[in-house]
Amino acid sequence: MDASWTRRLFSPLWTVPPLVDFTVQAPLADCSRRIAEAARPSLNRLHLRNLFADGRRYYLNPSPQGFHMTSNSKIPWRRARTTQAAVLSAELIPTGDSSTRIRLHSRMKVFYFLDTFIVPGFMASILVFVPIHPLLIALFIAVLFGLSWVGHRLTAALQVADMIYFIRKALEEVTPGVSGALGAGTEDVVSPGDFRQAWERFYNEHQNERERDDDSDLEAD
């Protein structure tokens, strides 16, 4: 069987969406430096302190295209850290002298993905000897494997979301933002050249309203 075909067939089982693609206004070396510095907690970067809540840490490994990142955090009830469930791969592509395109995609770590089958496999070895209908046994086994896979995938997706947020926050100062602009033809927007006319019209309308109110008061008296 073709290995590439097998990889495409089973890839959805361990890949973790989404695929993120964005551009920053900074050279490639500057992007790498900012991310590497942000991964190290420091009192000089207190604006990034939320990235390290719950003892969260980020681990970088360089790659030919960019870097690989993993993450974990502290377990509150014992002195240990959570499993590194996912790998975030970043591809840094220079698009000019002062801009870089960053593509992020992720997957479960291999051993974490294999851990999906350990508990369901053990339970399946017990269920096959239970004296019930084979279809029910098959259904129970399928549910066990499905729930285990969903739980592992959600854990990996949570770590991926934290790592994507970390990268965006680290590059926040050089990420171009798009601000909306009001159209000049809208009713509530007045161009500078028409401001005097608009102000005179506004003043005359309110002056007429005041005169009508004064006349109404006199008639009432």
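Helix 5 (residues 134-170) runs for 37 residues and reaches 54 Å from its first C-alpha to its last, close to the 54 Å expected at 1.5 Å a residue. That expected span is 1.5 Å times one less than the number of residues in the helix. Helices here are DSSP runs of H or I with at least four residues, strands are E runs of at least two, and both are numbered from the N terminus.

A quick word on the source: this is a predicted model, where local features need pLDDT of at least 70, side-chain atom pairs count only at pLDDT 80 or more, and totals for chains, interfaces and linings use all residues. Residues are numbered from 1 along each chain as its sequence is written, and side-chain values use heavy atoms, with hydrogens and water left out.

The strands make an open sheet of 5, in the order 1-5-4-3-2, with antiparallel pairing. Strand 1 and strand 2 (57-62) sit at the edges with a single partner strand each, so one side of each has no neighbour in the sheet. On average, neighbouring strands are turned by 20° against each other, direction ignored. Two strands count as paired if DSSP finds at least two bridges between them. Here is how the pairs line up:

| Strands | Bridges | Facing residues |
|---|---|---|
| Strand 1 (15-24) and strand 5 (99-108) | 7 bridges | Phe22 and Ile102 |
| Strand 4 (86-96) and strand 5 | 10 bridges | Ser89 and His105 |
| Strand 3 (66-72) and strand 4 | 4 bridges | His68 and Ser89 |
| Strand 2 and strand 3 | 6 bridges | Leu60 and Met69 |

Strands 4 and 5 also form a hairpin, with 2 residues between them. Pro94 has Thr100 of strand 5 as its bridge partner.

**Helices across the sheet**

Helix 5 lies across strand 1, strand 2, strand 3, strand 4 and strand 5, running at about 10° to strand 1. Angles run from 0 to 180 degrees between N-to-C directions, with axes fitted to C-alpha atoms, for helices over the stretch in contact. Contact means heavy atoms within 4.5 Å. Among the buried residues of helix 5 are Ile137, Ile141, Ser148, His152 and Met163; buried means under 20% relative accessible area, exposed over 50%, and partly exposed in between (1.4 Å probe, protein chains only).

**Around Thr116**

Thr116 is in the loop between helix 3 (110-114) and helix 4 (118-127). With a relative accessibility of 1%, Thr116 counts as buried. Leaving aside residues up to four places away in sequence, Thr116 touches Ser148, Trp149 and His152. A polar atom of the Thr116 side chain also lies 2.9 Å from the backbone oxygen of Phe113.

**Aromatic rings**

A search of the whole structure turns up 5 aromatic pairs. Rings of Phe, Tyr and Trp (its six-membered ring) pair if their centres lie within 6.5 Å; planes under 30 degrees apart are stacked, over 60 edge-to-face, and the rest tilted. The Phe113 and Phe117 rings have centres 5.4 Å apart and planes at 85°, so this pair is edge-to-face. Phe117 and Phe145 make a tilted pair, at 6.0 Å centre to centre and 45° between the planes. Phe117 lies in the loop between helix 3 and helix 4 and Phe145 in helix 5, so their pair ties together parts that are 28 residues apart in sequence.

Phe113 is buried at 12% relative accessible area, while Phe117 is partly exposed at 38% and Phe145 is partly exposed at 26%. Trp14, Phe113, Phe117 and Phe145 form one aromatic cluster.

Conventions
Polar contact = N/O pair within 3.5 Å; in protein donor to acceptor, adjacent residues only side chain to side chain.
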